[in-house]
Amino acid sequence: MALNKFMHPRNVYKKKKPDFKQLAMKYPNLQKHMFTDLTGKAFIDFKNASSMRELSIALLKDDFGLDVTLPPEGLVPTVSLRLNYIHWIEDILEPLGRGTNIKGIDIGTGASCVYPLLGCKLNPSWSFLAVEKCDTNTQYAEKNVSANKMEDRIKVRKQQDDSILLHLLHDTDTVYDFCMCNPPFFADHSEAQGTSRKDDRAEPSSVSMATPSESITEGGEIGFVKNMIQESMELKSKVRVYTSMVGKKSSLPKLKEEIRRLEIPNFTTTEFCQGKTMRWGIAWSFDSSVIFPKSLFQAARKEKDRPPLQYTLPSEFVGDLDLQTIAKQIYFILKEELKISCDSSSESEDCLMFEMTAKENTWSHQRRKRRAKKMVDTETRKESPTNDPPERSNSDIDFEKTSHYKDKIRGNPTTDLGKKKTSEVKSMKRKYQTFDRENSQEEDSKRRRFCPDIEKLRQSPDRNAEEENIEMLEGDTISVGQSDVQDCSMGGKDKETEGCTATEQSQKTSYSDSVDKKEKEYILKFKLTVKKLEQFAIEMAWIDGQNREFMHQVLQYLKNKVKSNNNKQSSEQK
Ligand SMILES: C[S@@+](CC[C@H](N)C(=O)[O-])C[C@H]1O[C@@H](n2cnc3c(N)ncnc32)[C@H](O)[C@@H]1O
């Protein structure tokens, strides 16, 4: 799944992808890690720890004006993930008002001190207590704070014992608005090195850069956050909102169980989405007035889980046609009349599936459009000295094609192409032939995947029917088995230490500007399934878009078409 669309809306990398070439020109240390392909496109090796380090340093400087030095060994913070976490906290604190002085704690701030630095940069009224257990990281964190002249807003503190918050807040009256934490994820070395992986996930494409002290803790992230939850039972409202990130989704149920066991009434979880790398957030509070924001991702999931729209095709429409032919007719109406393009298709024994994308609303006000067209036609006819028959609307012509095609298969002589020699039909016929000649083998093979019977149709003695079949497939940009929105990252491992910024990752494999454009260009994406159960039916399942109502409208359009085809058929039979 492309996760970038679930990236926090305020995350700068949601819309703006880093321009590697430009970055390299500005940052010589990054330049050394760049390479270009034959087309001049710039890449970075995400498996190289130094490349990742220089990229993060460059992004923090370029996009946030932050000067950050990182140790040669150790965790490299991925910027877009860190931003997603910060923006989630901003959302939680939103009801307090933007200008309110906010005090936060970052537990395990790391050498970069990235959360306090970004948090303060983005929110002028925030200040931080940044806590770190490792000596080297503490020293680097202090240097990074002073390099950015933020000493008055960020206090770096060395963790004195094995507690997380208790020792720190024991004898202070200060109330903090929130605490955040990116805990060490793993319980031991084998987990950290991935040798204890029990699942069949792909090997990570990026390199692990964290040192053992950064990535390993007793009990792993579950143990760490459970301790935090237990300590919060003592500290209660000394921190208004407790939060932590986790690297494994499977940790969430165990942490929620602990929260429920301790009867903490107010808690939530969320997702941090970037490229293919996903992380999770958990937050709890003893203050019942805290209202946690809804997760975009969960809302979209719920939307997706809604049952698809269904329509059983009337038997008069179906006649004795087979699944392939019916699917082609439905597909044809969507593709040719409504200009809804097909991103991918697949088929099984009793159903054909198409992922469809509409870039504009071509289905609304059809009746009004037809009336307007009719008026223009009438006017044109009046003015035309030759009194030619009126031009029909595209949709009329197109539907006639499907109707004709259907008749042809059924052997209805009344609508034979030879008898309907209107100029449109002639020109369509020419178009089929040109297409037929010009088609590349590649397109042929695509068509064969979509319609395995294409060769049979080509050899058919009934050339007219063949031509029409071909035309129905010609020009279709069916990229079988491919999604239109390419994923922009590599990720795939449940370790923060191995993730890298989605937008950064995307550059190496499939990142391109077109991804962003495509994401912005459509208004509706749905999955169309034409299936044969007891009867033939179509299903439309929501994928994404501006408005679910559009899918209802498209289905209504199809229903009307099917109905008008039935009416045509019966009047022709009379
Ligand atoms: C995964 S790193 C996160 C670093 C940084 N916050 C980031 O997101 O890039 C975890 C950090 O927590 C520190 N740490 C581990 N246990 C800690 C504790 N009990 N108190 C404070 N810091 C701790 C580690 O030294 C390490 O720097």
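Helices α6 (residues 114-122) and α10 (residues 212-215) each contribute at least two residues to the shell around the ligand, helices being DSSP runs of H or I of at least four residues and strands runs of E of at least two, both numbered from the N terminus. The model is a predicted one, in which local features need pLDDT of at least 70 and side-chain atom pairs count only at pLDDT 80 or more, while totals for chains, interfaces and linings use all residues. Residues are numbered from 1 along each chain as its sequence is written, and side-chain values use heavy atoms, with hydrogens and water left out.

The ligand is surrounded by 20 residues, of which the closest are R82, G108, E132, Q159 and N182; a residue is taken as near when one of its heavy atoms lies within 4 Å of the molecule. By class, eight of the shell residues are nonpolar, eight polar and four charged, where Ala, Val, Leu, Ile, Met, Phe, Trp, Tyr, Cys and Pro count as nonpolar, Asp, Glu, Lys and Arg as charged, and the others, Gly among them, as polar. Among the polar contacts (pairs of N or O atoms within 3.5 Å), an N or O atom in the side chain of E132 lies 2.5 Å from an oxygen atom of the ligand, and a polar side-chain atom of Q159 is 3.0 Å from a ligand nitrogen atom. The protein buries 96% of the 600 Å² that the ligand exposes when taken alone, as computed by the Shrake-Rupley method with a 1.4 Å probe.

Aromatic pairs, defined by ring centres within 6.5 Å (for Trp, the six-membered ring) and classed as stacked under 30 degrees between planes, edge-to-face over 60 and tilted for the rest, number 15. Y85 and F272 form a tilted pair, with 5.2 Å from centre to centre and 35 degrees between the planes. This pair joins helix α5 (residues 79-93), which holds Y85, to strand β8 (residues 266-274), which holds F272, across 187 residues of the chain. Y85 has a relative accessible area of 0% and is buried, and F272 is likewise buried at 2%, the term denoting under 20% relative accessible area (1.4 Å probe, protein chains only). Y85, W88, Y115 and F272 form one aromatic cluster.

A further tilted pair consists of W126 and F178, at 5.1 Å centre to centre and 50 degrees between the planes. W126 belongs to strand β4 (residues 126-132) and F178 to strand β6 (residues 176-181), 52 residues apart, and both W126 and F178 are buried.

Notes:
Polar contact = N/O pair within 3.5 Å; in protein donor to acceptor, adjacent residues only side chain to side chain. Buried < 20%, exposed > 50% of the residue type's maximum accessible area, 1.4 Å probe, protein only.
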